[in-house]
Amino acid sequence: MTSRGPSQHQPAALHTSLFWVTLSQAVTQNLYPDRHITPEKFYVEACDDGADDVLAIDRVSTEVTLTVKKDVPPSAVTRPIYGILGTIRLVAGTYLIVITKKKKVGEIFSHAIWKATDFDILSYKKTMLHLTDIQLQDNKVFLSMLSHVLSVDGFYFSTTYDLTHTLQRQIHGSCGMGIFLENLLLNQRSTVITMHSCSINGKCFDWLLVSRRSCFRAGVRYYVRVSLTWLMRSFSYLGIDSEGHAANFVETEQIVHYKGSKASFVQTRGSIPFFWSQRPNLKYKPKPQISKSVNHMDGFQRHFDSQIISYGKQMIVNLVNQKGSEKPLEQTFAKMVNSMANGMVKYVAFDFHKECSRMRWDRLQILVDQLAEQQDEFSYFLVDSDGKIVTQQEGIFRSNCMDCLDRTNVIQSLLARRSLQAQLQRLGVLHVGQRIEEQADFEKIYKNELERGLSGA
């Protein structure tokens with residue numbers, strides 16, 4: 001690896017420092033803060049009526065403190081903003097990213113949901129004289145990549161509703177900071193929110209789909225604007241990191257709201273959770289390489305320990321090929337689950353491409369039938385119009401293929417449909433014996449939006 005900028009400042013390491021707690025006032029009310037800039041500090045006002053608090057961010061030390069409005073210098077340049085996305089460190093130093101425009105996209109339980117549509121990227125540094133020409137160019141490349149990421153639809157926030165946690169976590173009051181901060185999160189792929197008012201049998205209900213991307217691993221598939229020279233000498237690290245955070249990890253929640261009752265079904269997806277990589281080259285499918293120099297079990301154990309704490313029982317659904325270059329990944333995954341010997345974690349391997357070759361999509365039912373008993377045991381979350389918890393989701397399906405996209409989307413959509421069938425019947429929207437696929441108007445919405453929502457995940 002050379003000492004040139006990108007090899008030291010890889011986009012895969014782009015990291016956000018989030019001000020969610022400190023700025024809780026600024027993102028949980030209907031008013032919005034002002035941003036003040038001086039050569040020494042950024043100031044962000046709290047937006048509560050009568051509030052005097054101001055967040056001060058030192059542009060030299062990066063220290064974040066609370067102060068009051070009278071401490072903002074009169075000479076400060078002032079502009080209203082709609083929130084802080086976070087901070088990011090590039091070659092030139094730290095940058096503050098703020099939301100400058102928003103658009104209302106709908107409502108969840110009568111709470112307005114906004115999409116951030118424009119941002120400012122503000123450098124802590126007042127000059128770039130400390131950079132070499134090469135570093136200046138690298139920093140320019142990264143700023144361009146960052147601007148591209150921010151231009152992609154998928155940054156949502158609400159000033160009155162917590163989008164970052166599932167309905168079940170919210171009802172139980174066990175939210176904490178969590179790993180899904182999509183309204184304050186730098187992503188390389190969109191967080192998707194789908195909202196539709198639907199009708200079956202003359203009964204109107206809201207159908208929602210929320211995909212939340214983990215803020216710990218940004219993934220690598222969308223770093224497409226980096227020079228080929230750099231890509232050829234770099235690895236694309238998938239799998240997990242030393243803390244057990246999986247690349248491409250997404251939590252997808254399907255929600256139904258009918259006459260005050262709310263039902264939720266949650267699934268996750270994420271990269272195969274041990275240390276492996278793919279070296280980018282000109283081949284369509286670079287050969288995956290499993291690291292031989294690390295202890296895989298430590299990170300593997302950490303990953304599933306955290307998943308069990310968050311979701312309960314785990315049913316792994318591994319969809320990679322069981323021959324060719326993907327075979328070692330499937331074999332290693334199965335072996336590590338067996339070695340971990342945790343009764344909370346089960347493993348199913350399904351060779352998607354082999355089973356469904358020559359367009360035999362009907363064979364997907366083999367997997368759905370295999371998972372049916374486990375899905376019935378996991379159930380879904382349901383709270384009635386009086387706020388009483390009727391059922392809880394006791395476990396989760398963790399699906400993966402190689403990049404957690406196409407094959408994973410198909411399986412997650414089938415499991416989501418099966419859960420929705422049960423929910424709508426229990427809520428009385430579907431009559432006994434009726435099937436979702438027989439409801440032509442809803443089926444059209446469901447297929448189109450579910451595909452979009454899962455793809456965006």
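**Entry 1**

I began with glutamate 443 and found 9% relative accessibility, so I noted it as buried, the limit being under 20%. This is a predicted model, and I keep that in mind throughout. Next I looked up which residue meets the side chain of glutamate 443: lysine 447 does, in a salt bridge of 3.9 Å, N to O. Both residues sit in helix H11, 4 residues apart, or about one turn of the helix.

**Entry 2: Other salt bridges**

How many salt bridges does a search of the whole structure find? I got 16. Arginine 363 pairs with glutamate 355 through their side chains at 2.7 Å, N to O. I logged arginine 363 as partly exposed, because its relative accessibility is 27% and that class runs between 20% and 50%. Lysine 104 and glutamate 107 form a salt bridge too, at 3.1 Å from N to O. Is glutamate 107 buried or partly exposed? It is partly exposed, with a relative accessible area of 42%. For lysine 104 I wrote down 41%, which is also partly exposed.

**Entry 3: The largest nonpolar core**

I turned to the nonpolar residues. The largest core has 36 residues, and the members touching the most others are Phe205, Trp207, Leu424 and Phe442. Several elements give two or more residues to this core, including strands E11 (193-200) and E12 (203-213) and helices H9 (364-378), H10 (406-427) and H11 (440-456). Which element gives the most? My answer is H10, with 6 residues.

I then stopped at tryptophan 207 and listed its contacts, leaving aside neighbours within four places in sequence. Another core lies apart from the largest one; it has 20 residues, among them Ile88, Phe142, Met145 and Leu150.

**Entry 4: The whole chain**

Last, I stepped back for the overall tallies. The protein chain has 11 helices and 22 strands. Of its 457 residues, 53% are buried. I also checked contacts with a separation of 6 or more: residues 24 or more positions apart account for 67% of them. For the surface, I noted that the chain exposes about 20,900 Å², with carbon and sulfur atoms supplying 51% of that area.

Note on methods
Residues numbered from 1 in each chain as written. Predicted model: local features only at pLDDT ≥ 70, side-chain atom pairs only at ≥ 80, totals over all residues. Heavy atoms only, no water. Core = buried A, V, L, I, M, F, W, Y, C linked by side-chain atoms within 4.5 Å. Buried < 20%, exposed > 50% of the residue type's maximum accessible area, 1.4 Å probe, protein only. Contact = heavy atoms within 4.5 Å. Salt bridge = Lys/Arg side-chain N within 4 Å of Asp/Glu carboxyl O. Areas by Shrake-Rupley, 256 points an atom, 1.4 Å probe, with all protein chains shown as cover.
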